[in-house]
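Here are my notes on the model you sent over. Have the structure open while you go through the points.

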Amino acid sequence: SRRITVRDIAAAKERGEKWPMLTAYDAMTASVFDQAGIPVLLVGDSMGNCHLGYESTVPVTMDEITMLSAAVVRGTKRALIVGDLPFGAYQESAVQALRNATRLVKEAGVTAVKLEGGERSAHQIELLVQAGIPVMAHVGLTPQSVNAYGGYPVQGRGEEAAQQLLRDAKAVQDAGAFAVVLELVPAELAAEVTRILHIPTVGIGAGPECDAQVLVWTDMAGMTQGRVPRFVKQYAQLGEALGNAARDFAADVVGGAYPTEAHSFH
Ligand code: KIV
Ligand code: NA
């Protein structure tokens, strides 16, 4: 069976079918999601927070994204893999964006790339699409701008902000993006964007009306330490399960219950 393509994604919107997307940062986890039938996996720069131990996505580098994207591609057979362009990899110019997106496609083998920004990133999206690289856009809250926001506030509240979000969504569609992430946007506004656009919207904290939904996998599976955002639903408590496994292993080793005869060679 072949990989999901951007044409399949476009066809899903025409049929009114919703689809799920998860992040993945390694081959093992990606393989589990691929076999579970998740059609699109994002090697998000959220790896900065949840995988690499940074405070935000800002420090993530092209080397890190490229290495982990290659692992996710190797671990999957069917999912469409999207690689995130990290902060500083595309803001300078459309040519810089093309150079880094090309690297991710050639070295890691991703099918598509994602970058943040609406009107402000339209030039970059246009050049990548012209070059034959599918682009997933990302508007609303764009976490790479955390230092400018001074946090992670809900976007598109109030008439002026709502109009800007609509302009951003239309701009990325006009530039040729095949899908657009809407992050932390009021549900009513996300529903309006979803109705207006012919490309699919991928919501995160953007209500139930988007064409697709994405979650950071460590949030979704209860692997994240500490407080999770309100829009997250946890489908497992992997952190607790893994901690218990480690404690049980430790107790067995200290108490002499592991290994036994069954685990030994003669
Ligand atoms: O990096 C990421 O995980 C993302 C998703 C939350 C859309 O950009
Ligand atoms: Na991201």
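1. Gly83 has Val113 as its bridge partner in β4. Strand β4 covers residues 112–114 and runs parallel to β3, with three bridges joining the two. As background, strands of a sheet pair through backbone hydrogen bonds, either parallel or antiparallel.

2. A word on what you're looking at: this is a predicted model, where local features need pLDDT of at least 70, side-chain atom pairs count only at pLDDT 80 or more, and totals for chains, interfaces and linings use all residues. Residues are numbered from 1 along each chain as its sequence is written, while chains are lettered from A and ligands numbered from 1 in the order in which they are written. The protein chain averages a pLDDT of 97, and 100% of the residues score at least 70; pLDDT is the predictor's confidence in each residue, from 0 to 100. The model's ipTM is 0.99 and its pTM 0.97.

3. What do the strands build? They form a closed barrel of eight, β1-β2-β3-β4-β5-β6-β7-β8, with parallel pairing. On average, neighbouring strands of this sheet are turned by 25° against each other, direction ignored; the axes behind that angle are lines fitted to C-alpha atoms (for helices over the stretch in contact), and angles run from 0 to 180 degrees between N-to-C directions.

4. Now the annotations. An unreviewed UniProt entry gives "binding site" for Asp45, Asp84 and Glu116. These residues span 72 residues in sequence, but no two of their C-alpha atoms are more than 10.8 Å apart, so they gather at one spot. A "binding site" annotation, also from an unreviewed UniProt entry, covers Asp45, Ser46, Asp84 and Lys114. Here the span is 70 residues, with no two C-alpha atoms more than 12.3 Å apart, so this set gathers at one spot as well. Bear in mind that UniProt positions are in the numbering used here, feature names are shortened, and annotations may be inferred rather than shown by experiment.

5. Asp45 sits in the loop between β2 (40–43) and α3 (47–50). Is Asp45 buried or exposed? It is buried, with 29 other C-beta atoms within 10 Å. (Buried means 20 or more other C-beta atoms within 10 Å of the residue's own, exposed 12 or fewer, partly exposed in between, with C-beta atoms placed from the backbone.) Beyond four places in sequence, its contacts (C-beta atoms, placed from the backbone, within 7 Å) include Asp84 and Pro86.

6. Asp84 belongs to β3 (residues 80–84) and counts as buried, with 28 C-beta neighbours inside 10 Å. Lys114, in β4, is buried too, with 24 such neighbours inside 10 Å. Leaving out residues up to four places away in sequence, Asp84 touches Lys114, among others. The contacts of Lys114 beyond four places also include Met136 and His138.

Conventions
Helices (H or I, at least four residues) and strands (E, at least two) are DSSP runs, numbered from the N terminus. Two residues are in contact if their C-beta atoms, placed from the backbone, lie within 7 Å. Two strands pair if DSSP finds at least two bridges between them.
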